[in-house]
Amino acid sequence: MKNILLVDDSALMRRVLCDIIESDKRFRVQDRAVNGLDALALLSRKTYDAVVLDVNMPQMNGLELLKELQKRKITAKIIMASTDTADGAKVTLDALELGALDFIHKPTSALDCRNGSFSQGLLRILAAVTDLDYPAPAQTPAPAAQTVSSGAARNIAGRTGAAPAVEKKAPPSGRAVYNPGTQIVALASSTGGPKALQAVIPKLPANLKVPVVVVQHMPAGFTASLAERLNALSEVTVKEAAEGDVLMPGCVYVSMGGKHLNILNMSGKYTIHYSDEPSREGVKPCANYMYESLIDSRFDRIVCVVMTGMGADGTEGIQHLKEKKKIHVIVQEASTCAVYGMPKSAVNAGLADQIVPLEQIAQEITTNVGVK
């Protein structure tokens with residue numbers, strides 16, 4: 001049974017969240033804390049399988065707790081569950097940079113928390129960060145993760161705090177010369193992805209020879225802020241992909257949350273197109289759609305990158321893509337993943353051409369596609 005620490009200043013919310021968590025018999029709320037100070041005291045002497053953390057609390061709020069845990073080098077698998085995450089994209093991204101693994105929007109009313117979408121979402125994230133299946137398996141557990149040997153030390157800290165803006169050229173005009181029959185990088189990430197992307201995108205050179213498209217599982221309203229942060233840290237230009245954007249080399253296009261990203265060939269130019277099909281693999285955007293949209297493209301070679309995240313998104317799309325196109329698949333190595341779900345699925349399907357630590361992914365991308 002997985003032991004959970006629940007941190008929330010509302011007694012009613014603690015009771016409701018406890019009921020939701022313990023509705024799955026694999027979890028129990030071992031301790032409850034009313035603010036960050038109480039939680040810090042518990043985390044200083046005890047270990048939990050996961051922590052569900054509110055943001056706005058008296059004495060010490062959630063962000064202050066995350067900073068203190070970093071300062072004291074206390075590790076914990078933390079899920080943010082706060083009403084702030086609805087419109088507070090900055091607060092959420094701050095929390096993810098400070099070490100939180102994932103987040104879920106908590107309804108303002110405790111009674112509304114009992115609705116299926118919130119309770120199922122919370123249990124799904126808890127299962128992912130504690131290495132369980134979701135939903136709970138009836139009889140047989142999922143296969144064990146494949147062991148990958150690597151001499152590289154774990155390095156998922158990334159960069160925290162405000163970064164100075166990097167002066168760079170505006171995104172290239174769609175009229176610039178770009179041969180669509182070359183290469184593209186298509187990257188998929190989920191839980192732990194926002195922080196992991198900060199260890200990859202800023203290391204890509206400004207003169208990268210190809211465009212990069214990214215599907216990061218996030219809801220609408222968050223991906224624009226993510227792209228802005230990555231842009232400030234990077235030599236390449238990073239933007240939230242807009243409908244009709246023409247893909248250009250040296251640019252990174254982050255899929256808008258809440259829609260599915262597709263790459264279409266329009267009069268010899270590759271453009272972004274969004275579709276509104278239902279969620280797939282439980283997520284929207286779904287990387288499978290992105291990969292499958294490249295099946296009929298004229299790219300000579302597609303470099304697929306699968307990074308940290310729960311579930312199996314990307315595997316099916318890459319399998320379909322491999323049947324028609326020449327691809328090269330780079331998968332993040334297990335010990336550097338916040339959650340080894342999506343990479344494990346790709347490895348177990350026999351799709352991985354390279355399995356590399358997080359800190360080497362940018363180098364391998366650049367080596368594979370080259371610079372101008």
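How many disulfides does the count come to in this chain? The answer is 0 disulfides, where a disulfide is a pair of cysteine sulfur atoms within 2.5 Å. Hello everyone, and thanks for having me. Before going on, a word on what we are looking at: this is a predicted model, in which local features need pLDDT of at least 70 and side-chain atom pairs count only at pLDDT 80 or more, while totals for chains, interfaces and linings use all residues. Residues are numbered from 1 along each chain as its sequence is written, and side-chain values use heavy atoms, with hydrogens and water left out.

Let me stay with the cysteines for a moment. Cys-113 has 0% relative accessibility and therefore counts as buried; here buried means under 20% relative accessible area, exposed means over 50%, and partly exposed is what falls in between, using a 1.4 Å probe and protein chains only. Cys-286 is also buried, because its relative accessibility is 0%.

Now the overall picture. The protein chain has 11 helices and 14 strands. These are DSSP runs numbered from the N terminus, with helices being H or I of at least four residues and strands being E of at least two. Of the 372 residues in the protein chain, 55% are buried. If we take the contacts with a separation of 6 or more, 74% of them join residues 24 or more positions apart; a contact means heavy atoms within 4.5 Å.

On to helix packing. Two packed helices are described by the angle between their axes and the distance between the axes. The axes are lines fitted to C-alpha atoms, for helices over the stretch in contact, and angles run from 0 to 180 degrees between N-to-C directions.

Let's begin with α2, residues 36-45, which packs on α3 at an angle of about 30 degrees with the axes 9 Å apart. The two helices are therefore roughly parallel to each other. For that word, the cut-offs are under 35 degrees for roughly parallel, over 145 for roughly antiparallel, 65 to 115 for roughly perpendicular, and oblique for the rest. The crossing of α2 and α3 is right-handed. A crossing is right-handed if the near helix is turned clockwise from the far one by less than a right angle, and left-handed if anticlockwise. From α2, the contact uses Gly-36, Ala-39, Leu-40 and Leu-43, and from α3 it uses Leu-65, Glu-68 and Leu-69. By class, that contact has 5 nonpolar, 1 polar and 1 charged residues. Nonpolar covers Ala, Val, Leu, Ile, Met, Phe, Trp, Tyr, Cys and Pro, charged covers Asp, Glu, Lys and Arg, and the others, Gly among them, are polar.

Helix α3, residues 62-71, also meets α4, residues 89-97: their axes come within 10 Å and cross at roughly 15 degrees. That angle makes α3 roughly parallel to α4. And which hand does the crossing of α3 and α4 have, left or right? It is left-handed. Leu-63, Leu-66 and Gln-70 of α3 touch Val-91, Asp-94, Ala-95 and Glu-97 of α4. The residues of this contact divide into 4 nonpolar, 1 polar and 2 charged.

The crossing of α1 and α5 is right-handed. On the α1 side we find Leu-17, Ile-20 and Ile-21, facing Phe-118, Ser-119, Leu-122, Leu-123 and Leu-126 of α5. This contact has 7 nonpolar, 1 polar and no charged residues.

Now some backbone details. The peptide bond from Lys-284 to Pro-285 is cis, with omega near 20 degrees, and Pro-285 sits in the loop between β11 and α8.

Which residues have a positive phi without being glycine? Asp-131 is one, with phi of about 65 degrees, in the loop between α5 and β6. Ser-267 is another, with phi near 55 degrees, in the loop between β10 and β11. Asp-131 counts as exposed because its relative accessible area is 61%, and Ser-267 is exposed at 80%.

To finish, two buried residues. Tyr-340, in the loop between β13 and α10, is buried at 13%. Its C-alpha is 6.3 Å from that of Gly-309, 31 residues apart in sequence. Thr-366, in helix α11, is buried at 18%. Leaving aside residues up to four places away in sequence, Thr-366 touches Leu-204, Pro-205, Leu-208 and Val-371. Thanks, and I'm happy to take questions!
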